[in-house]
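We will go from one selection to the next, with a few words on what to look for at each stop.

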Amino acid sequence: KIESILLKVQMFGLGSAGEKLAKREIRPELKLLSADELLNKLRSTKYADDLIDILMAYADLQDEEFAQEHASIVIPYLKHAHDDVRVWAVISCMKIGNNIAVRPMLDRLEGTVENDRFVKESICIAMARFQAEESVDYLIQLWRNCPISNVRQAA
């Protein structure tokens, strides 16, 4: 499931970063954790690499009901200092599919809040996944004005 999302992310121009993300695998020990255990681990972890692994596992949960119910847990990671954590937070929100993530993602696109092109591209792709009507103006603005061609293409 997550592989198909990553392939879409790669197709929309994430290039080497998309390839790096696509090659990263969920650590086997994380695959064995229950949804509650993953949630506790996510809350207690501070290191970026560990957060990315946990967000990957969280996005790949088979317990869709749990993931929907706890989608708000992932949203704060959209503001994390590490850009790869922000990308995985977007992918997790996309995978979980809860529309409560749309507004916080759009807030990242406003002005100069988000500087990382991979995060911007991921958010553009997420808006298409969510079919978020409120994102249209943001996406048009990015398409017209963003100096980064990959972001314009994703928008």
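## Stop one: helix 6

Start by selecting residues 83-96, which form helix 6. This helix has 14 residues and spans 20 Å from its first C-alpha to its last, close to the 20 Å expected at 1.5 Å a residue. Keep in mind as you look around that this is a predicted model.

Now colour helix 6 by accessibility. How many of its 14 residues are buried? The count is 13, so helix 6 is mostly covered, with buried meaning under 20% relative accessible area.

Step just past the end of helix 6 and pick G97, where phi is positive, at about 80 degrees.

## Stop two: the partner, helix 8

Show the side chains where the two helices touch. On the helix 6 side, select D83, R86, V87, V90, C93, M94 and K95. They meet F118, V119, S122, I123, I125, A126, R129 and F130 of helix 8. Sorted by class, this contact holds ten nonpolar, one polar and four charged residues.

Is A81 buried or exposed? Its relative accessibility is 77%, so A81 counts as exposed. While you are here, draw a distance from the C-alpha of A81 to that of A48: the two lie 8.7 Å apart in space, although 33 residues separate them in sequence.

## Stop four: helix 3

Next, select residues 35-44, helix 3, and highlight A35, L38, L39 and L42, which are buried. Where do these four sit around the axis? They cover an arc of only 100 degrees, which puts them on the same side of helix 3.

## Last stop: the whole chain

Zoom out and colour the protein chain by secondary structure: there are ten helices and zero strands. Followed along the sequence, the pattern reads α-α-α-α-α-α-α-α-α-α. Of the 155 residues in the chain, 50% count as buried.

Among contacts with a separation of 6 or more, 67% join residues 24 or more positions apart.

Notes. Residues are numbered from 1 along each chain as its sequence is written. This is a predicted model: local features need pLDDT of at least 70, side-chain atom pairs count only at pLDDT 80 or more; totals for chains, interfaces and linings use all residues. Side-chain values use heavy atoms; hydrogens and water are left out. Buried means under 20% relative accessible area, exposed over 50%, partly exposed in between (1.4 Å probe, protein chains only). The arc is that of the directions from the helix axis to the C-beta atoms. The expected span of a helix is 1.5 Å times one less than its number of residues. Contact means heavy atoms within 4.5 Å. Ala, Val, Leu, Ile, Met, Phe, Trp, Tyr, Cys and Pro count as nonpolar, Asp, Glu, Lys and Arg as charged, and the others, Gly among them, as polar.
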